[in-house]
Amino acid sequence: MALHTPRLIQQSPHLPFGDKQDASFYGKDILSVKQFSRGDLNFIFGIAQEMSEMVRRVGSFDLLKGKILANVFYEPSTRTSSSFTSAMERLGGSVIPINEVRYSSVSKGESLPDTIRTLEAYSDVIVLRHPEIGSAELAAKYARKPIINAGDGIGEHPTQALLDLFTIQQEMDRIDGLTITMVGDLKYGRTLHSLARLLTLYNVRLNYVSPDVLRMPGHILDEVNETSIPQAEYNSLDPVIGESDVLYVTRIQKERFSDENEYESVKNSFVISPETMQQAKEDMIVMHPLPRVGEISMDVDDDPRAAYFRQMEYGLYVRMALLAMVLGKA
Amino acid sequence: MALHTPRLIQQSPHLPFGDKQDASFYGKDILSVKQFSRGDLNFIFGIAQEMSEMVRRVGSFDLLKGKILANVFYEPSTRTSSSFTSAMERLGGSVIPINEVRYSSVSKGESLPDTIRTLEAYSDVIVLRHPEIGSAELAAKYARKPIINAGDGIGEHPTQALLDLFTIQQEMDRIDGLTITMVGDLKYGRTLHSLARLLTLYNVRLNYVSPDVLRMPGHILDEVNETSIPQAEYNSLDPVIGESDVLYVTRIQKERFSDENEYESVKNSFVISPETMQQAKEDMIVMHPLPRVGEISMDVDDDPRAAYFRQMEYGLYVRMALLAMVLGKA
Amino acid sequence: MALHTPRLIQQSPHLPFGDKQDASFYGKDILSVKQFSRGDLNFIFGIAQEMSEMVRRVGSFDLLKGKILANVFYEPSTRTSSSFTSAMERLGGSVIPINEVRYSSVSKGESLPDTIRTLEAYSDVIVLRHPEIGSAELAAKYARKPIINAGDGIGEHPTQALLDLFTIQQEMDRIDGLTITMVGDLKYGRTLHSLARLLTLYNVRLNYVSPDVLRMPGHILDEVNETSIPQAEYNSLDPVIGESDVLYVTRIQKERFSDENEYESVKNSFVISPETMQQAKEDMIVMHPLPRVGEISMDVDDDPRAAYFRQMEYGLYVRMALLAMVLGKA
């Protein structure tokens, strides 16, 4: 399953991947984390690792030269949009940036399927960010070209979950055996729901730390319970900070609280500071999907365990891997 | 006149067009359908056909490598903007996307000629979409680089008319001898006015089907009358659906009617459904400039006669041809 | 110091610059005109001159192939943004256009350092336009990749000042010995403040012509006074138009006046017309940062002394030079 071939790269730096088409991803859509087996993840991460090495050695290369990505964002997301644009450009491909869909055909009432069928006439692969759940699946139903879901409302954001998992694997050199502690808004954090699902494919231990009103939803707890993964809920970091290998922090938004006093009373309990880090393992990593607004102190940034900016880079490599794979070049 | 050279392509797939410069288009502006003779159209469609074959065989190629397109949209049009971007990228060129003109220098009161003379310092060709009639001509008057009109208000949209005609030619394998029926809003449909003008260069028969308030304007009828092209007006599809070779459908907007009851009473008469298609010839094609909002039922989409999504692809090839031609590479 | 090597270009047109890295600019930020010595300017202008020759001869070339520019504009500026995009594309590099920062992560409250540290994961160099003074310096403090300041509020806009000076040097074939007259809004014109600073490195004479309320600020006059550069203030062009070698015109905005009558009474005194040009030297040049709104009559545009559109082109070459330099390819 693993195509992880550093040997091939060393022999022929300018043609690392050849024209082998992977039967399982060529021409396919990337819609949900549910579509991936553990073998698939190994395969993707092997390619992503090769991408990382190529970027380090040559910056960019022409694996997808002549291919065009339609980067379609119905709602703005500088981070995700830029990441896919960079991924395509580092692979020598081109991008059609489509950021103003809301002002244009769509405001004239065009359906998503019509928009997608138009854009696929101009491109080889479509990345779609859309505020409505199920939109990526709808697009994929009508498109002949591969669709990559870059977030469909409160639905899925599979490439974020993949890059989160790849970050853990690269930083810790393994996933099995780790204790992963999720902190903050576990109720609305789409990112964490998808990551928890993916982690059930591994032998990990999950801790959830949140205020009461922002606990992990029951249906996620149930899904995890169906596996043999141990999980436990907390409303303070203290009992688990010392045993955690990965601390995944998310933002707590004031708007989630009906009572502002309640927000004020809890918010500081979940801020990661240098003092928090003193209680943590020496090789723990801190992750965050960004943007952050105070939930990790900037004083933590220089701690080598702060992995959240490296996480952005891992995202680039995962998206390079996915683009190459669905276009049959990985 | 025709440069249609599949032989050359087969011998040398990476250098299909050579450096021959076409005397009639190199460095020229594309402003209006009125500038084209039938010979010009043959020439353009020959190049567009070659573009189609190259895209099918190699996806993209480096005919315009190093050339830069300034894609200047004073009003948003995802479809047209993306089509030109893709056309330039499939030819190996680069694009400067300029979608926010309204927020920027222009809002500081800069004149169109000044903006154009600035942008031509950065580019080799300028595509211009602007809400005011005559703007493309004004830009061309001041620019040293070629201007391609991508729509100037209720004025012209010549590349749309060219792609419409190219669609007919490619789908029907000829234009002479066809019966072309235009349906919907014939009064405000800039697209149809330009297409009707172009069609007077061929031996066709034109039918116009619309509600009374949206009839083809008198000046277009007069222009067609000056040729030997037969034309006839109808307020129902029934008498002409069976004899049509091409059915060109456009959207009827509620806002065009002063009386909403009148709108409600007519709108369904001009919707294309599977029942409509049962009355049509087996080799008729259905066209639409898109976006559509209900005037063609989605149930028609799988009918092989539904040509409106293929029409988008033909648009790509026509725009590739025009870019190559005005840059002296066709 | 000067790498000005036309000989090398003539011998090897496709590889003009080699891989020599300039110790003084490779990996550095471009934040302020204050960082440049006269030797630096010679060096930059030598590279810019080579860029000009390469563009004239081959249009574009692959000096920065595989490099990615994150073009980050927190406020719109079509002109500057397009100029950097073109510069990167003419050098064979790619661009991530980021124009909607205000709608996105930033509106979620993300700090500039976090945004920059994210974007540098996707790119090799960052161009930043931001409305707050000091923002470019702040970004540079956190970034590992080079930052080029494309305007930070009323702070600096160093690439504009460099292109202004390069324009003078190219058009007049020297800078020393020239009389440079600045006209219009000298109080708020960030461009002119930076240019005046740079000019103190040369043996020039400076004239300032403005209405009383828009005089050159005292701190700029003081800075110039610390050098041996003669400077003088006027409230009319008449005494100095005949002796000027360079006439640098800026816009007078009505909003700068508390009394509209005062605005009306002065505005026409500072408009450049064909009559103004009759009083000027035969080899004087007229410059303007654009956009203009009436302060230079369009009737002047065809005068060969009108250099303001050529100025845009010089800007392209200066920005190509800066990008190549900070990426170690000049």
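Modeller: We will go through domains, packed helices, sheets and chain contacts in turn. This is a predicted model, in which local features need pLDDT of at least 70, side-chain atom pairs count only at pLDDT 80 or more, and totals for chains, interfaces and linings use all residues. Residues are numbered from 1 along each chain as its sequence is written, and chains are lettered from A and ligands numbered from 1 in the order in which they are written.

Biologist: Happy with that. Which domains does the assignment give for chain A?

Modeller: Domain bounds here come from an automatic or database domain assignment. For chain A, that assignment gives domain 1 (6-156 + 313-326) and domain 2 (159-312). The C-alpha centres of these two domains of chain A are 26 Å apart. Their contact takes 19 residues from domain 1 of chain A and 18 residues from domain 2 of chain A, where two residues are in contact if their C-beta atoms, placed from the backbone, lie within 7 Å.

Biologist: Which elements give two or more residues to the domain 1 side?

Modeller: Helices (H or I, at least four residues) and strands (E, at least two) are DSSP runs, numbered from the N terminus. On the side of domain 1 of chain A that touches domain 2 of chain A, the elements giving two or more residues are helix 2 (38-58), strand 4 (147-152) and helix 12 (308-326) of chain A. Helix 12 of chain A provides the largest share, 6 residues. By class, this side has 12 nonpolar, 1 polar and 6 charged residues; Ala, Val, Leu, Ile, Met, Phe, Trp, Tyr, Cys and Pro count as nonpolar, Asp, Glu, Lys and Arg as charged, and the others, Gly among them, as polar.

Biologist: How do I read a pair of packed helices?

Modeller: Two packed helices are described by the angle between their axes and the distance between the axes. Here, the axes of helix 2 of chain A and helix 6 (residues 158-172) of chain A come within 11 Å and cross at roughly 75°. Axes are lines fitted to C-alpha atoms, for helices over the stretch in contact, with angles from 0 to 180 degrees between N-to-C directions. The two helices of chain A are therefore roughly perpendicular to each other, the word used for 65 to 115 degrees (under 35 is roughly parallel, over 145 roughly antiparallel, the rest oblique). Helix 2 of chain A contributes Leu41(A), Ile44(A), Phe45(A) and Ala48(A), while helix 6 of chain A contributes Leu162(A), Leu165(A), Phe166(A) and Gln169(A). These contact residues divide into 7 nonpolar, 1 polar and no charged.

Biologist: And the sheet in chain A: what is the strand order?

Modeller: Two strands pair if DSSP finds at least two bridges between them. In chain A, 5 strands form an open sheet in the order 7-6-5-8-9, with parallel pairing. Strand 7 (231-234) and strand 9 (285-287) of chain A are at the edges with a single partner strand each, so one side of each is left without a neighbour in the sheet. Neighbouring strands are turned by 20° against each other on average, direction ignored. Strand 8 (residues 246-249) of chain A pairs with strand 9 of chain A over 3 bridges, in the parallel sense, and Tyr248(A) stands opposite Met287(A) in strand 9 of chain A.

Biologist: Last one: how many residues of chain A are in contact with chain B?

Modeller: 22 residues of chain A are in contact with 22 residues of chain B. Strand 2 (94-98) and helix 4 (112-119) of chain A are the elements that give two or more residues to this side of chain A.
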